[in-house]
Amino acid sequence: MSYRSHFLALPQYLTPALAAALLSTLSTLIIISLSGSINADATQYLIAADTFKVSGWDAAEEIYPRPFYSVLIGGLSQITHTSSFVSAQLLDISLLALLGYAFVKVIQALGGDRRAQWIGACLIVLLPTLADYRDYLIRDFGYWAFMLLALNALIRFQANARLLQAGQWCAYSGIAMLFRPEAVLLLVLVPTALLLPSPQSLVLRLKLTAKLYGLLLAGLLIALAIGLSTGLQLQDKFIELALSPLLEQANQLAISLPKYTQVMASEILNRHSEEHAALSVSLVLSGIFVATLLSALTPIIVFLGLYLWKKGQLRWPRNTPYLMMHIVLAGILINFLLFKHFMQARYMLLTALLLLIPLCIGLSREYDNIARSKVKKGLLFTLAMLVLLDNHISTSSHEHDQDSLAWLQQHSSQDDWIYTNDHQLAYFSGLTFDWNDILYAKRRLEKTPASRLYGYDFVALNVGRKDAKIQAYAETLSALNYHQRAKFSNNRGDQIIIFESPDAHRQRESDQWQSAHKQAFHNPNRG
């Protein structure tokens with residue numbers, strides 16, 4: 001049966017982009033239903049969302065410095081009359097659906113035929129790295145989705161020179177910037193690709209560039225005028241939310257590179273090789289960059305790419321905005337690596353998604369050859385099924401989280417307070433806590449002085465199986481009149497140990513304690 005026959009029965013309105021959105025929604029719902037926990041930093045977004053609902057943007061900003069994602073969660077919660085947690089899941093499901101849609105639209109804009117678009121719709125759902133994050137609550141989903149929408153608009157603007165598409169580039173990039181500040185670099189730098197050599201004449205390239213940057217400048221001036229006339233001080237917010245983090249990273253970069261070179265020369269290389277310290281640092285960082293990128297793509301995708309390359313079907317799209325986005329993203333990621341000293345696979349996901357586009361187009365070209373070979377067709381189908389099953393089979397090791405939450409909800413009262421290094425335990429237990437104390441416990445629990453525990457009914461310690469410092473700290477709590485009440489473990493050997501203080505309620509009656517905890521988070525999750 002031909003490719004065309006496979007999709008003949010599908011409704012005409014079910015385009016590959018729309019199918020990608022629907023399949024992404026279904027995949028996310030399945031993964032969320034199988035998940036036993038959420039990511040560690042999700043609770044900070046949820047607490048900021050709850051704070052926004054009660055006290056507004058400025059209060060949410062004190063919990064998380066760039067609260068746009070949390071404000072969206074809080075606003076959706078108020079509209080739908082659901083909890084912040086449910087609203088965050090609804091928001092992320094929508095953003096992931098938008099990401100699938102935008103990914104396929106970029107494939108189409110870069111010349112991918114309908115078959116390539118259908119391959120992209122399947123691949124965006126099957127990609128293991130993205131599946132690993134579908135049950136997370138992270139602002140990256142909005143950043144990825146809107147930057148791909150922006151790229152689609154810029155590619156079409158280069159081809160059609162329509163002002164609407166230039167406006168879409170500015171608008172979508174601006175929204176992406178609200179999710180992650182580094183999008184401002186993409187907003188400003190990627191359109192320089194319009195000046196690069198292409199089949200268009202130099203005069204036309206100059207006109208396109210002037211038109212887009214003129215529109216961008218006009219938008220900034222209008223936003224500035226609105227800010228000045230309304231007193232919203234939008235320019236200050238822009239500097240604080242977008243430019244300040246980038247300037248901080250640039251300053252750190254200037255400090256880090258000489259420092260790394262000095263350490264390499266003095267601590268690792270011998271005196272005969274000191275002159276190669278800068279080159280050695282560059283090679284190490286490049287190795288980390290490439291290894292993380294390969295991890296984001298996953299071995300199966302890399303294997304498939306190598307196969308298409310060998311067959312001569314893996315070709316780089318001849319499109320300057322696509323190329324420039326890769327270059328700017330590489331600069332952002334290298335800067336981030338130097339600033340944070342580590343690199344997670346999800347930081348590479350936007351780059352990985354862009355690299356998947358030529359793979360989808362190449363796989364479409366190779367499809368007829370694969371279809372004629374039963375072995376190749378069977379292998380491709382088997383790989384797809386293995387990835388699909390792996391993505392949607394839960395291997396959660398968070399069962400002790402659920403057990404400890406159930407115990408706390410059963411053995412605590414409405415007015416009890418909790419001190420813990422586990423953000424989720426604090427938030428979902430429904431107990432009251434001081435956010436500053438929770439942050440302190442997360443960063444340096446083993447150094448918590450006895451005075452900081454004063455007035456807390458429960459102290460819950462999330463103890464990793466290899467975390468000797470927190471294990472030792474747990475042993476000292478008994479001497480502080482805290483009684484161990486429960487202990488829960490998972491199959492990896494991690495533990496949650498819950499201590500209780502019988503004197504906490506009386507301790508909280510002092511004026512000194514109440515003055516020190518005025519910023520208490522009154523938890524809305526109490527059942």
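Local features are reported only where pLDDT is at least 70 and side-chain atom pairs only at pLDDT 80 or more, whereas totals for chains, interfaces and linings use all residues of the predicted model. Residues are numbered from 1 along each chain as its sequence is written, and side-chain values use heavy atoms, with hydrogens and water left out.

The protein contains 25 helices and six strands; these elements are DSSP runs numbered from the N terminus, with helices (H or I) of at least four residues and strands (E) of at least two. Of its 527 residues, 49% are buried, where buried means under 20% relative accessible area, exposed over 50% and partly exposed in between, for a 1.4 Å probe and protein chains only. Among contacts (heavy atoms within 4.5 Å) between residues at least 6 apart in sequence, 70% join residues at least 24 apart.

The C-alpha atoms of Ala59 and Ala49 lie 9.8 Å apart, with the two residues separated by 10 positions in sequence.

Helix 6 (residues 84-109) consists of 26 residues, and its end-to-end C-alpha distance of 37 Å is close to the expected 38 Å at 1.5 Å a residue; the expected span is 1.5 Å times one less than the number of residues. Gly111, which follows helix 6, has a positive phi near 95 degrees. Helix 7 (residues 114-126) has 13 residues and reaches 18 Å between its first and last C-alpha, close to the expected 18 Å. Helix 7 is mostly covered, with 11 of its 13 residues buried; among them are Arg115, Gln117, Trp118 and Leu126.

Helix 9 (residues 140-160) and helix 17 (residues 349-372) have axes that come within 10 Å and cross at roughly 40 degrees. Axes are lines fitted to C-alpha atoms, for helices over the stretch in contact, and angles run from 0 to 180 degrees between N-to-C directions. Helix 9 and helix 17 are therefore oblique to each other, given that angles under 35 degrees count as roughly parallel, over 145 as roughly antiparallel, 65 to 115 as roughly perpendicular and the rest as oblique. The crossing is right-handed, that is, the near helix is turned clockwise from the far one by less than a right angle. At this contact, Tyr143, Trp144, Met147, Leu148 and Leu151 of helix 9 meet Leu349, Leu350, Leu353 and Leu354 of helix 17.

Four strands form an open sheet of mixed pairing in the order 1-3-5-4, two strands being paired if DSSP finds at least two bridges between them. Strand 1 (418-420) and strand 4 stand at the edges with a single partner strand each, so one side of each lacks a neighbour in the sheet. The twist from one strand to the next averages 20 degrees. Helix 19 (residues 399-411) packs on the sheet, touching strands 1, 3, 4 and 5, and its direction makes about 150 degrees with that of strand 4.

Strand 3 (residues 458-463) pairs with strand 5 (residues 495-500) in the antiparallel sense over six bridges. Within strand 5, Ile498 stands opposite Ala460, and Ile496 is the bridge partner of Asn462. Strand 4 (residues 483-489) is likewise joined to strand 5 by six bridges in an antiparallel arrangement, in which Lys487 stands opposite Ile497. Five residues separate strand 4 from strand 5 in a hairpin, and Gly493 in the turn has a positive phi of about 100 degrees.
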